Amino acid sequence: MMNLGQNTESRGGGVRRLYVDNAATSFPKPPEVLKAMVDYATHIGASAGRGAYAEARASAEVLKNCREKLNTLFNGENPNHFIFTMNCTDALNLAIKGILRDGKGGGRNGDHCVTTWMDHNSVLRPYHALAQSRGEGGGGVQYTHIAVDPVTCVVDPADVKKAIRPNTKLIAVVHGSNVTGTVQPIREIGKIAREAQILFLVDAAQSAGHIPIDVQADYIDLLAFPGHKGLLGPLGTGALYIRPGLEKQMTPLRHGGTGSLSEQDIQPDFMPDKFESGSHNAIGIAGLAAGVEWVLQKTIHALYQHDQMLCCTFMESIDGIDGLRFLGPQGIKNRMGVFSVRIKKRKGEGEIDPLQLAHRLENEFGILTRPGLHCAPLAHRHLGTLDTGGTTRLSFGAFLSALDVRYAADALATIALSYE
């Protein structure tokens, strides 16, 4: 096993600060990421496609380099089909709103789409917004939420198949849950979608950089992911992979300058310019390229094994602690390193408020977690935690060690055994 983890040092001579909120954004970043961004700011600084001089060409090379690395990591068919976005939410909006159509002007119902109870608001809200859009004589987009297993929160692919209608256009599934760490069987679902000639969108917000993803073997038509989480790039980066040929069916969300075909008043129809209007976040993309290169060097399989080791360590460390429970898969199967916990009060009724637990973890142990609903209300409704403040979430990353995870488990045990 590679020793990928490293202990977080204390700051200012006080209580150590242990970051376990990698599901929100990864921290720390590899030194190579910061170096790439400083190098860009120091030596390039120009905007790609906005000049013929060397620095502008170098900026374009930064974008090209990052697309090629992403294409390698996810086994894409063409690097130019990785569209840079602000984040995963932006990528999901481009995918959903670029594909789905309401019944406006056609006197018919709009497209039907499918999702699950575990999906994030970045899928649920675009779906809902399109469902509210009703054209004259036609209906808005329709959608179906697929139920999941009561404990593991895994969706049964057969249920996805049953939900397909004649007007189903898109199936969207979150690969790794940001609430329970549940990993969905995307290859099985993708095969069902491909056989039915329905487009398959995977939300890889939590899985990209943590779990192997092969867009061709997994039958993925659209892959949305952030650059700032498992890929270890900076905030403000993300991408959408669009399977070659599919771009012809999609509508851009933005129109504007691309540095190409400037004499025309219509958006270019070739990739990636069709979906990339305006100047790029080139300094962020430089950092993202360095993060992806770090992942490629360590290998996604080694990072996945490290994540699985941390999961096992955490579950073993909290096993048998009275009143402490975690939601989602109770073993390593169908799981990644995201754990939502609740602690039962030793006296009286109920459980510790998730926000209070997060405060205690930070103030007494220097452990940084995320309390609340995690922008996934249906998941919390399914788990029975929607009306009780959600959960306190710990999420692991490549720079955590088994010792760090045991420290977090010991802190939870101390609180569980002392809270009245």
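A salt bridge is a side-chain nitrogen of Lys or Arg within 4 Å of a carboxyl oxygen of Asp or Glu. The exercises below apply this to a predicted model.

**Exercise 1.** Determine what joins Asp39 and Lys35, and where in the chain the two residues lie.

*Solution.* The closest N and O atoms of Asp39 and Lys35 are 2.9 Å apart, and the two residues form a salt bridge. Both belong to helix H1; because they are 4 residues apart there, about one helical turn separates them. As for accessibility, Asp39 has a relative accessible area of 29% and is partly exposed. Lys35, at 52%, counts as exposed.

**Exercise 2.** Describe the salt bridge of Arg393 with Asp21.

*Solution.* The closest N and O atoms of this pair are 3.1 Å apart. Arg393 lies in strand E13, and Asp21 in the loop between strand E1 and helix H1, 372 residues away. Both residues are buried. The structure holds 15 salt bridges, by the total for the model.

**Exercise 3.** Classify the ring pair Tyr127 and Tyr143 as stacked, tilted or edge-to-face.

*Solution.* The structure holds 11 aromatic pairs. In this one, the ring centres are 6.0 Å apart and the planes stand at 35 degrees, so the pair is tilted. Tyr127 belongs to helix H4 and Tyr143 to strand E4, 16 residues apart. Tyr127 is buried at 0% relative accessibility, while Tyr143 is partly exposed at 28%.

**Exercise 4.** Describe the surroundings of the Phe339 ring, given its pairing with Phe396 and the position of Arg335.

*Solution.* The ring centres of Phe339 and Phe396 lie 5.6 Å apart with planes at 40 degrees, so this pair is tilted. Phe339 is in strand E10, and Phe396 in the loop between strand E13 and helix H11. Both are buried. The charged end of Arg335 sits over the ring of Phe339, 4.1 Å from its centre.

Methods:
Residues numbered from 1 in each chain as written. Predicted model: local features only at pLDDT ≥ 70, side-chain atom pairs only at ≥ 80, totals over all residues. Heavy atoms only, no water. Phe/Tyr/Trp six-rings, centres within 6.5 Å; stacked < 30°, edge-to-face > 60°. Buried < 20%, exposed > 50% of the residue type's maximum accessible area, 1.4 Å probe, protein only. Lys NZ or Arg CZ within 6 Å of the ring centre and 35° of its normal.
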